[in-house]
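I opened this notebook page to record what I looked up in the structure.

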Amino acid sequence: MSTSKYRTVLEAGPGELEELKNKAKQDSWQPIYHIYPEYGLMNDPNGLIQLNGEYHVFYQWYPYGAIHGMKHWAHVKSKDLVNWERLPVAITPTEKYESHGAYSGGAIVKEGKGLLYYTGNVKYEDGSRTANQCIAILHEDGTVEKYSQNPAVEGVPNGYTGHVRDPKVWKENDMYYMLLGAQRENETGTLIVYESTDALDWQFKGEVKTKLPNFGYMWECPDYFKLDGKDVFVFSPQGIQAEGHNFHNIYNVIYAVGTFNLDELTFDMEYYREIDKGFDFYAPQTFEDETGRRLMFSWIGNPDVEYPSDQYGWAHALSLPRELSLEGTELVQKPVSELTKLRDDAVHFRGRLTDEEVIIDEATNNAYEIDMSFTNINASQVGLQLFNSKEETLMLVFDREKEEVRVDRSRFKHQYATDYGVIRTEKWLPTSSIDVRIFVDKSILEVYINGGKTVFTSRVFPQKDSKSAVTVFAKGEANYQIAYYGLSRGI
């Protein structure tokens, strides 16, 4: 049996996969309502699509441990974005055109079937690489088969390195377009476009011209969509330096809003910003569902970072599905309304804080939602302590003097990625009221502030034997009102 990290799930030894699953199951950090791998490493969400009323989510998956090895497409589906069913592996890289992994990509619906687009990764012994763009067909019964004429695009265009990947496809004016993240030969990142009349046979169209000509060395996981009358690009630029509140993770994600001229491939950019301000957010992908909503999932994780759960042979999760909208040029993210199905009955807390901390829940199981507000604020700081015990706590602080909101996980025993800091911040202009919605799922934290205008997504690994509480506090005076919900299993 091969032990190379470039072996497929088909090469597992007798009982090997069951052993991996049992080892991962022992970990109480595994979430209960976020999509996560039963074992092995998950990364980018792929092929997001709704087909005949069912939502299909694929994701990058390596079976044999918490490392980046031979990438497959794993597969889950749901009728309601809440309760997820695991399906057999959708794409296993067994062909020469994908010899070193089936990398990320998107999906479209065509003639009642899903077309899944992905990058076939090929590496050579001399250290060089190339990339092929490939297609698989998602049938009505949920089965997936590779397109017989793969690769649909062989190799990369002149002027670019072998780092060309992550196809995003859409239809416009009777033509199909494929957007790819790319690296120029001078090792700067960009986006390139192919076009097709049938979504199968593709021709190179050119490079998207933006106002970001030297913005990192590679742009990964590109997305493009129209939203509320604007054109929006999303991509993950690698090699951006931290500045102020921005770009503090190893790699980061931005959205850019403006006007895209598809004929000329020019993008007149009005505004760009990081999508998520947390520690662990990368490679988001969006799609439009059958009701017309623009929905997004992301990878809750980062490349090239070791996590405390790695010891159990599994890694990472996907974000909750978020509905996107624009307010002016600002992207707003809200957890989809269906997630209320997970809730137990609400427990309500309210009161007036005066230079104090108040415990609102003494022993959570770390799977809950908080929907709360601070009002009549007359304080230098207000906020919450989550996972709060004698030994450790996570701080969410609204700081009037610094005009910032911050998430601080410096007080945890289980630290990781500390080279990139233990605090994340965003600008916050003090107001007399704040609303906050928080989802906690064992080792996952999603914080939505003021209706989703600012979002922090992070992993947190509390000590396994600690009873953790939720505490509200103020340095000064503020009213608080909280609805607290225990949440049930969704996967």
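The entries below concern a predicted model.

**Entry 1, R165.** I first located R165 and found it in strand β9, residues 160–172. Is R165 buried or exposed? I noted a relative accessibility of 8%, so R165 counts as buried, the limit being under 20%. I then looked up the polar partner of its side chain: the side chain of R165 makes a polar contact with that of E220 at 2.7 Å. Leaving out residues up to four places away in sequence, I listed what R165 touches; the list includes Y103, R129, M218, E220 and Q238.

I recorded 67 residues in the largest nonpolar core, where I35 and W84 have the most contacts. For W84, with neighbours within four places set aside, I found contacts that include I35, Y55, V57, V76 and F297. Another core of 36 residues lies apart from the largest one, with Y368, F398, W428 and A478 among its members.

I noted 31 aromatic pairs in the structure. I examined Y55 and F287, which pair edge-to-face with 6.2 Å between centres and 75° between planes. Y55 belongs to strand β2 and F287 to strand β17, so this pair links distant parts of the chain, 232 residues apart. Y55 is buried at 5% relative accessible area, and F287 is buried at 6%.

I found R7 over the face of Y64, 3.6 Å from the ring centre. R86 lies over the face of Y36, at 4.9 Å from the ring centre.

Conventions
Residues are numbered from 1 along each chain as its sequence is written. This is a predicted model: local features need pLDDT of at least 70, side-chain atom pairs count only at pLDDT 80 or more; totals for chains, interfaces and linings use all residues. Side-chain values use heavy atoms; hydrogens and water are left out. Helices (H or I, at least four residues) and strands (E, at least two) are DSSP runs, numbered from the N terminus. Buried means under 20% relative accessible area, exposed over 50%, partly exposed in between (1.4 Å probe, protein chains only). A polar contact is a pair of N or O atoms within 3.5 Å; within protein, one must be able to donate a hydrogen and the other to accept it, and residues adjacent in sequence count only if both atoms are side-chain atoms. Contact means heavy atoms within 4.5 Å. A nonpolar core is a set of buried Ala, Val, Leu, Ile, Met, Phe, Trp, Tyr and Cys residues joined through side-chain atoms within 4.5 Å. Rings of Phe, Tyr and Trp (its six-membered ring) pair if their centres lie within 6.5 Å; planes under 30 degrees apart count as stacked, over 60 as edge-to-face and the rest as tilted. A charge sits over a ring if NZ of Lys or CZ of Arg is within 6 Å of the ring centre and within 35 degrees of the ring normal.
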